[in-house]
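Dear colleague,

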Amino acid sequence: MTQWVLPTATSSYAVSLARDASGLLLDGWSGDAAPRPWTEPERLSFETLADTLPLEYAAMGTRQVSGAELIVDFGDGQVGARPDGPPEITFLDEEPRCRLTARFTAGAGRLGWTTVTETDRRHDVVRRWVRIDNTGSSTIELPRAFSAAWELPVGPGARIDYLGGRWSHEFTPYAVTLPAGELSIGSRHGTTSHTYSPVVTVSAVTGGASGPAYGIALAWSGSWRLLVDAVPLRDRVRVGGGVDDESAVITLLPGESFTSPESHGVFAPDGTDGVTRRWHDFQRHALARSTGPEHRPIVYNSWYATEFDVELGHQSELAAVAALMGTEVFVVDDGWFRGRNTDQAGLGDWTPDPVKFPDGLGPLISAVEGHGMRFGVWVEPEAVNPDSDLFRAHPDWVYRAADRELVTVRNQYVLDFGRVEVVAWAKQMLRDLLADPRISYLKWDMNRPISDGGRPGDVHGREWSLQHARGYYQVMTMLREEFPHVTVEACAGGGGRIDHAVLAISDVVWPSDETGPRDRLAIQHGFLSAYPPSVMSSWVTDAPDLVDVEPASFEFRFVVAMAGVLGIGSDLLAWDHAQRRRAAELVGLYEEIRAVVHNGRVVRHGLPADDVYAVEFGGGVEQGHRTCVLVYARSTRPETVQIRPTTLVEDRRYRLRGGPDTFTGGEAAAGIDVPFSVSADADVLVFEPAG
Ligand code: DGJ
C-alpha cells in the first residue's frame with residue numbers, strides 16, 4: 001500500500017488511502033521516520049469500516065454514524081456525498097516543501113473536493129485546506145465545509161487547553177478533561193472574536209505538560225468553529241474545524257468553487273510548551289514578513305493620554321517628550337479625522353479634522369520627524385458612524401438583514417466588505433491617506449461584531465462573514481504590496497481579531513485594551529502560549545487603571561510591556577523629570593534585550609498570580625546565546641529570588657549581567673539566587689556567556 005510521508009522540521013506526517021477509497025487516512029504523526037500504516041479493527045459492531053477510519057476529511061454520507069467535515073446538499077432531497085471512486089493523487093517533494101493533494105469526485109461527477117496537505121522542513125507546522133468545486137449543472141449548497149480534520153492518538157478522551165475571554169480579558173487559559181464528548185468553540189462575531197481564540201492544544205487525559213501534545217489552529221478571521229470530538233473508548237480524538245457552519249451556508253452555482261481557510265497542526269513530543277515553541281517558530285519564520293525591529297518599533301500612542309481630544313499643539317508637545325524617552329514612532333490614535341470628537345460621529349470621514357489640524361497632518365508629521373521619529377495614525381476602515389458624510393452618501397453600504405432594524409454597537413455600523421465597491425473605496429481611502437510617504441505606521445482597528453450580516457436577494461448573501469474576512473484580507477494585502485514601508489498593527493477593540501491569517505498580513509497585534517499591569521501580565525501569559533512576543537504590542541500606561549487597581553511600581557509597568565513589543569501610552573506631560581529619566585533608561589534597557597525578547601525561546605515560569613512569576617526568553621546563536629528573564633513579584637517584595645532558567649546550554653558558562661560570578665547552564669537550571677535590582681517588584685535578568 002502506498003504511504004505518503006510529509007516531513008516537517010522534526011516530525012513526519014504520514015498518510016495513505018483507505019482500502020474502501022473513502023478518503024485519506026492519517027497513519028502517523030510523530031518524530032519517527034516511518035510511521036506504520038493504520039491497522040483496521042478486528043471486529044466492527046454498529047458501525048462500518050469507514051466509521052472507524054482516521055479519515056483526514058469526511059463527507060457526510062460517506063460514513064454512517066461518525067462526524068463529517070463536509071455536508072453537501074445537492075437540492076434533491078438528500079444530504080450527503082460519497083466519493084465516486086479513488087481520488088486522483090499528486091505528491092510533490094520540492095525541497096524544502098512537500099505537498100499532497102487528493103481530488104475526489106462525488107454525485108456522479110457533480111461535485112469535486114480536493115484536500116491539500118503541505119509541510120515545510122524549516123518548521124513543524126502541517127498546513128491543510130480543501131477546495132470544493134461544483135462541476136455539475138445545478139446549484140449545490142454546503143451547510144458545512146470545514147477545512148480539515150485531525151485524528152490525534154491521545155485517547156480515549158483528551159485534555160484540551162484553549163484560550164477564551166471577553167473584551168479586556170482576552171487570552172484567559174482554560175483546560176478541560178474530556179473523557180468522552182464534544183467540545184465546540186468558535187465565533188459568531190464575523191471576526192475572530194474576543195470570546196475564543198482559534199487554537200486548541202490536545203494531549204492525553206494524563207499527560208499534558210510532558211507527554212506528546214498537538215496544537216490545532218485556524219488561519220481565519222471570520223466566524224469559525226473548532227470541534228473536538230472524543231468518541232467514547234476510541235484511542236483517537238478528532239479535531240475538525242473551519243468556517244462557522246451555524247451562521248453561513250455556502251452556495252456553489254455551476255462552475256463555482258470554495259477554498260477553505262487553512263487549518264494548521266503541530267505535533268510536539270515534549271508537551272504543551274513544545275507546542276508553544278513550535279507555533280512561535282512557525283509564526284516568526286513562516287507567517288511574519290520579517291523578524292527585525294523595523295516593523296516592531298517602540299511606539300508612543302496617544303490614545304490613553306488624550307482619547308478623542310486630539311489637537312496639533314498638544315500632540316506636538318507629547319511627541320517632543322516621547323522622543324526623549326527613546327520611542328521610535330509617534331502614533332495618533334482615534335480622534336484625528338473630520339468630526340471625530342466622541343465615538344458618536346466621524347467614523348468613515350478619513351481626512352484630518354479641520355478644527356484640530358487646520359493645515360492637515362503635515363505640521364504634526366514634520367514635528368514628529370524633527371524629533372527623529374516615524375509617524376503613524378489609527379484607522380477603522382470597516383466601520384461607519386450613522387453621523388458621518390460617508391454614511392449619508394452611502395447608506396446602502398452597511399450590512400442590513402432585510403427589514404430588521406439596523407443595530408449599532410459603539411454607535412457604529414459595519415461596512416459590507418463583501419461588496420466590490422466598498423473594498424475599492426477602502427483601498428482608495430488608504431491610498432489617499434498614505435500618499436504622504438511620511439506616514440509609515442497604521443493601526444487598523446475594528447470595534448464591533450458584524451452582527452446581522454447578510455445581503456437580501458444575493459444568492460451568496462449568507463456567506464457575508466466569509467466575504468467580509470476576504471475583503472479585509474484584500475485591503476490588508478494591498479497595504480503590504482503597495483506600501484511595504486508601512487508597519488501595520490492589527491487591533492479589534494483589543495484582541496478581537498488575532499489568528500494566523502492576521503499574523504500573516506500584519507506586523508504586530510494589540511492583544512487587549514486592558515493595560516493595568518497585573519491584568520496585562522495575565523493576558524500576556526495566555527497570549528504567549530499561542531502567539532509570539534515579536535507580535536505582542538504592549539504599552540506602559542498610567543496608574544491607576546480602571547479595572548486593575550493593585551499597586552505596581554513604575555518599573556513593573558515597563559517590565560510587563562518589555563515582554564513583547566514595548567510602547568508607551570502614558571500622559572507624558574504629567575510625568576516629572578525623574579520619571580522621564582527613568583523611562584528613558586528603561587527604554588534603553590529594552591533596546592539591549594529586544595532581539596532576545598522577540599526571537600528567543602519563550603518559557604513561562606509559574607503563573608502571573610504566583611508570588612513570583614517569570615518569563616524567560618532564550619536567545620540562540622543570532623542573539624549571542626544571551627537569555628533574558630523578566631521577573632515579576634507580588635507585594636511580598638523579596639530581596640532575592642530563586643530563578644531556574646531552562647534555555648541555557650548545560651555545560652556552557654554564563655554570567656548574570658552586572659554580576660561577578662559565573663556558573664554553568666546546568667547549575668543555573670538547578671536554581672540560582674538573584675537580587676532584585678530594577679525595582680522591588682520586577683527585574684530584568686540578562687544571562688550572557690562568560691568568556
Ligand atoms: C479600541 C482600541 O483597542 C484602542 O486601543 C483604541 O484604539 C480605541 N479603540 C480607539 O477608539
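Is Phe171 buried or exposed? Phe171 is buried, with a relative accessible area of 3%; buried means under 20%, exposed over 50% and partly exposed in between, with a 1.4 Å probe and protein chains only.

This is a predicted model, in which local features need pLDDT of at least 70, side-chain atom pairs count only at pLDDT 80 or more, and totals for chains, interfaces and linings use all residues. Residues are numbered from 1 along each chain as its sequence is written, and side-chain values use heavy atoms, with hydrogens and water left out.

The structure holds 32 aromatic pairs. Rings of Phe, Tyr and Trp (its six-membered ring) pair if their centres lie within 6.5 Å; planes under 30 degrees apart count as stacked, over 60 as edge-to-face and the rest as tilted. Phe171 and Phe527 are edge-to-face, because their ring centres are 5.1 Å apart and their planes stand at 80°. Phe171 lies in the loop between strand E10 (158-164) and strand E11 (172-178), and Phe527 in helix H10 (residues 517-530), so the pair ties together parts that are 356 residues apart in sequence. Helices (H or I, at least four residues) and strands (E, at least two) are DSSP runs, numbered from the N terminus. Phe527 is buried, with a relative accessible area of 0%.

Phe337 and Trp350 form a tilted pair, 4.3 Å centre to centre with 45° between the planes. Phe337 is buried at 0% relative accessible area, and Trp350 is buried at 7%.

One aromatic cluster is formed by Tyr13, Trp29, Trp150, Tyr214 and Phe267.
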